[in-house]
Number of protein chains: 2
Amino acid sequence: MSTQAPHLSATQERSLRDIFPGDALLLTPEQTLVFATDAGRRMGTPLAVVRPTTEAQVVELLRLAQAERLPVYARGRASNQVGACVPDRPGIVVSLLHMNRILDIADDDFVAEVEPGVVTSDLQRAVEARGLFYPPDPASIDISTIGGNVATCAGGMRALKYGVTREYVLGLTAVLPGGRVLHTGGRCHKNVVGLDLTRLFVGSEGTLGIVTRIALKLLPLPQATATLLAGFASMEAAMHGVRRIFRAGILPVALEFLSPEVLDCVARRQTPPWPDSVRGALLIRLDGSRESLPLEVRRMHDALHTSDGTSGDAPGDATGNEPPVWSAHGVGRDEEEPLWAMRRGISPSAYLVRPNKIGEDIAVPRGRLLDALTGIRAIAQAHDLPILTYGHVGDGNIHVNIMYDGADPSETTRADAATVEVMRLVRSMDGTLSGEHGVGMAKKEFLHLQLSPLETELMRQVKHAFDPLGIMNPDKAY
Amino acid sequence: MSTQAPHLSATQERSLRDIFPGDALLLTPEQTLVFATDAGRRMGTPLAVVRPTTEAQVVELLRLAQAERLPVYARGRASNQVGACVPDRPGIVVSLLHMNRILDIADDDFVAEVEPGVVTSDLQRAVEARGLFYPPDPASIDISTIGGNVATCAGGMRALKYGVTREYVLGLTAVLPGGRVLHTGGRCHKNVVGLDLTRLFVGSEGTLGIVTRIALKLLPLPQATATLLAGFASMEAAMHGVRRIFRAGILPVALEFLSPEVLDCVARRQTPPWPDSVRGALLIRLDGSRESLPLEVRRMHDALHTSDGTSGDAPGDATGNEPPVWSAHGVGRDEEEPLWAMRRGISPSAYLVRPNKIGEDIAVPRGRLLDALTGIRAIAQAHDLPILTYGHVGDGNIHVNIMYDGADPSETTRADAATVEVMRLVRSMDGTLSGEHGVGMAKKEFLHLQLSPLETELMRQVKHAFDPLGIMNPDKAY
């Protein structure tokens, strides 16, 4: 296919204008610039931006794009961190934000059907008002869209108990290159007819087609939630706290870790509630019925305060079996909110440490968490850079923020070197390059550390079945 | 490819003998007959049965099979109901029962790695002894294997709260035709690198490759369980009971429905505990901590005994809002067991009604359950045949047993006609032909009711990437 197409031909432009009247088509650099990037800040080259409101327009677009061999880049709110939305080859950007209707919330089916541009928290509020629950809650929940969540298989804090987006997608409609309309799955909670094309789309990063309609599984809304913040004397002690919780047979909704460096960071923006002796923390959410939740909160306290009975000669065990040095808990949204506001403040606080960030979201087998955190700390020391670690330790998923000053060439070089070392460390532990963000452009250079040539070859052949000319988000993800 | 190969050539036989010494290769009809069928009782034609103990043997086999264009049929215990294991074209049957090692149970990773031939309940006992939990529990749990569960995306009663096999497969090793060894995923609980080849294998019914190793996610074992049996005055009232449970915000572990016909059936084998006024029942399992479970049992009783406050002019509403006419509950394995033994007795009891059965496992959107059950009852009446309905109504998944006497040509014809009508009814409600069993051979004739030509074309192209010559379980599933 053509890789050089710095502008649309007059015929192409006219064809697009026929499909997308008025401001549904954007062509000038002033209009398209904002669609050239995503939250990962890489820049691409939109030849045009189109904003469909109907599936029929998407069909026409993908007919045209196929005929003209034009690369196509679908996007929602572009909160993607890894450049998955970026038109790195000149092509057509498809903003799905005008396809943002909640089409159906079926109380008795426990199903919602939505267009891809629905903002995740808007859906959540709509279903919660009816006593229903859509669990996936990526940190970007107030800006990201369901379509984007499907494209990345978004996770979030509640994934520990409730799973990721994959677990909630029952069926979808997708338009394929050439304008073919594919319906997969349906509204049934169980369905095992044929190969699972539905879940193949989940996490495919826009490389197979454009999803125009999504059927989502809903659950009954839990009656009550509670949040605990437990502060430990060290990172090691906090990790042993994680083990104690699971050994007690508890599966929390969320189990977030805050490293000492992150606690220091938070303390720069607000007076922290915890005493100075706290050098590692766990932020834990539980849910349940109004009657049983107080018992579960007590059980969690008991689990954290009891030694897990293990012994060993590994360094840190002696420390690790120490209970929390401090804890607080809140029951109900009002009491919980300050604790989660603190958690949300981590990402902005990070920029108080350094103006630039390389944000990774690696995951390791859960039992290797302490090894991974210790190894990352050693990398930080070796490169004399602050590396902030926090995140969904219940899933073994750690956000690794490598902070540096982009104006300082030495720090920039060291940050890049540290990134490579983190990736190698993770892979040495059977970990994954990404637990949530995906590959996009940012992680393609590291893919060879994780995927075998056979895997990538198969992925490309599978893509070929959907997108034989390779116009859907080309060269991304795999 | 060759479709006529009534016996192996001398060279093929010699090659197989080289790979599979001694009784790892079975050739005589007396030896291979038992491998010619599965629980669906269709018969095929094994040219040979091989019983690998190592992945290396599977690699050699699939090299040979590819070179010789020999169809390959993998199987575990063959509890499959739809002929998915049957060598309907002459080919090589691969029994994976000798690859049955639990390779690893990692307490802190919450991961088990197993070979495909491990029996599901053996794995469950092994992990439960260590305070861990593998939720998928197909009814065949004591005979079916993890490999078979993966091939069919097995569900079971606990799927309502805990999901199906797909949700627990983190990674796998599969040997592809030609002997290529594919590793997908890994041991991380979250992983979004590349297309999801792992879940593509789940439910693929042996059409892509032979899975030789599976990494499974485990959960902490819940401390306690309880079971309730609630008896209602009618099927309609029982279905309204389902609605009441969900409206109360309760997500039970299991929620099984027993139709009046099934209750009668059970009563033929044992003196039922329920009074005659019970004409529909729900069997419900809850789990939780020792402290909170009694509260949850009470909450379930409250939900069932309270009107859901809805009103309407639909027939059955007036009846439907009636509370159970009888209920019983047991806490802990010993007290629960008689209730589940009764549930397990349904399938054998069915043969007291008629000697032959067509067993379907359709699913509908949950809100259409009563419509589906009513429609199936009308089909039974129209064809004057007993049709037993029961199963996982929490998921909208109903087992439909169409009972008939195979020695009676009229009943046989009516049973076939009723099957077609059930399938059409289900599809008219956006339901699925199979919630658990899969397609295999049995449902291929109905596939056009559910899959579009585009879907089947894409599935076949995806298969082509893995199996270009079409030797893996050819012509099955899609």
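This is a predicted model: local features need pLDDT of at least 70, side-chain atom pairs count only at pLDDT 80 or more; totals for chains, interfaces and linings use all residues.
## Helix α14 against helix α15 in chain A

Contact means heavy atoms within 4.5 Å. On the α14(A) side, the residues involved are A:Ala372, A:Gly375, A:Ile376, A:Ile379 and A:His383. On the α15(A) side, they meet A:Arg414, A:Ala417, A:Ala418, A:Glu421, A:Val422 and A:Leu425. By class, the residues of this contact split into 7 nonpolar, 2 polar and 2 charged.

Helix α14 of chain A covers residues 369-383, and helix α15 of chain A covers residues 409-428. Their axes come within 10 Å and cross at roughly 160 degrees. Angles over 145 degrees count as roughly antiparallel, so α14(A) and α15(A) are roughly antiparallel to each other. The crossing of α14(A) and α15(A) is right-handed.

## Helix α9 against helix α13 in chain A

Helix α9 (residues 260-269) and helix α13 (residues 346-353) of chain A pack with their axes 9 Å apart. The angle is about 90 degrees. That makes α9(A) roughly perpendicular to α13(A).

From α9(A) come A:Val262, A:Cys265, A:Val266, A:Arg268 and A:Arg269. They meet A:Ile346, A:Pro348, A:Ser349, A:Ala350, A:Leu352 and A:Val353 in α13(A). The contact of α9(A) with α13(A) has 8 nonpolar, 1 polar and 2 charged residues.

## Helix α8 against helix α10 in chain A

Helix α8 of chain A spans residues 235-247, and helix α10 of chain A spans residues 293-305. Their axes come within 8 Å and cross at roughly 125 degrees. The two helices, α8(A) and α10(A), are therefore oblique to each other. The crossing of α8(A) past α10(A) is right-handed.

Here A:Gly241, A:Arg244 and A:Ile245 of α8(A) meet A:Met300, A:Ala303 and A:Leu304 of α10(A). The classes in the contact of α8(A) with α10(A) are 4 nonpolar, 1 polar and 1 charged.

## The nonpolar core and A:Phe466

The largest nonpolar core holds 193 residues. Within it, A:Leu282, A:Phe466, B:Leu282 and B:Phe466 touch the most other members.

A:Phe466 has contacts in both chains. In chain A it touches A:Leu176, A:Pro177, A:Arg180, A:Leu182, A:Leu197, A:Leu200, A:Phe201 and A:Leu208. In chain B, A:Phe466 touches B:Leu458 and B:Val462. Residues up to four places away in sequence are not counted.

A:Phe110 is not a glycine, yet its phi is positive, at about 55 degrees. A:Phe110 sits in the loop between β5 (102-106) and β6 (111-114) of chain A. Its relative accessibility is 4%, so A:Phe110 counts as buried.

B:Cys153 also has a positive phi, near 50 degrees, in a residue other than glycine. B:Cys153 lies in the loop between α5 (146-152) and α6 (159-162) of chain B. B:Cys153 counts as buried, with 4% relative accessibility.

## A:Thr145, a buried loop residue

A:Thr145 belongs to the loop between β7 (132-133) and α5 (146-152) of chain A. A:Thr145 is buried, because its relative accessible area is 2% and the limit for burial is under 20%.

Leaving out residues up to four places away in sequence, A:Thr145 touches A:Gly76, A:Arg77, A:Leu97, A:Pro116, A:Gly117, A:Val118, A:Val119 and A:Thr120.

## B:Glu411 in helix α15 of chain B

B:Glu411 is part of helix α15 (residues 409-428) of chain B. At 9% relative accessibility, B:Glu411 counts as buried. Beyond neighbours within four places in sequence, B:Glu411 is in contact with B:Arg354, B:Leu385, B:Tyr404 and B:Asp405.

B:Glu411 and B:Thr145 are 266 residues apart along the chain. Their C-alpha atoms are separated by 35 Å.

B:Gly185 is in strand β9 (residues 180-185) of chain B. B:Gly185 counts as partly exposed, at 42% relative accessibility. B:Gly185 and B:Asp196 are 11 residues apart in sequence, with a C-alpha to C-alpha separation of 8.1 Å.

Neighbours within four places in sequence aside, B:Gly185 is in contact with A:Glu455 in chain A. In chain B, B:Gly185 is in contact with B:Leu170, B:Gly171, B:Asn191 and B:Thr198.

Terms used. Residues are numbered from 1 along each chain as its sequence is written. Chains are lettered from A and ligands numbered from 1 in the order in which they are written. Side-chain values use heavy atoms; hydrogens and water are left out. Axes are lines fitted to C-alpha atoms, for helices over the stretch in contact, and angles run from 0 to 180 degrees between N-to-C directions. Helices (H or I, at least four residues) and strands (E, at least two) are DSSP runs, numbered from the N terminus. Angles under 35 degrees count as roughly parallel, over 145 as roughly antiparallel, 65 to 115 as roughly perpendicular and the rest as oblique. A crossing is left-handed if the near helix is turned anticlockwise from the far one by less than a right angle, and right-handed if clockwise. Ala, Val, Leu, Ile, Met, Phe, Trp, Tyr, Cys and Pro count as nonpolar, Asp, Glu, Lys and Arg as charged, and the others, Gly among them, as polar. A nonpolar core is a set of buried Ala, Val, Leu, Ile, Met, Phe, Trp, Tyr and Cys residues joined through side-chain atoms within 4.5 Å. Buried means under 20% relative accessible area, exposed over 50%, partly exposed in between (1.4 Å probe, protein chains only).
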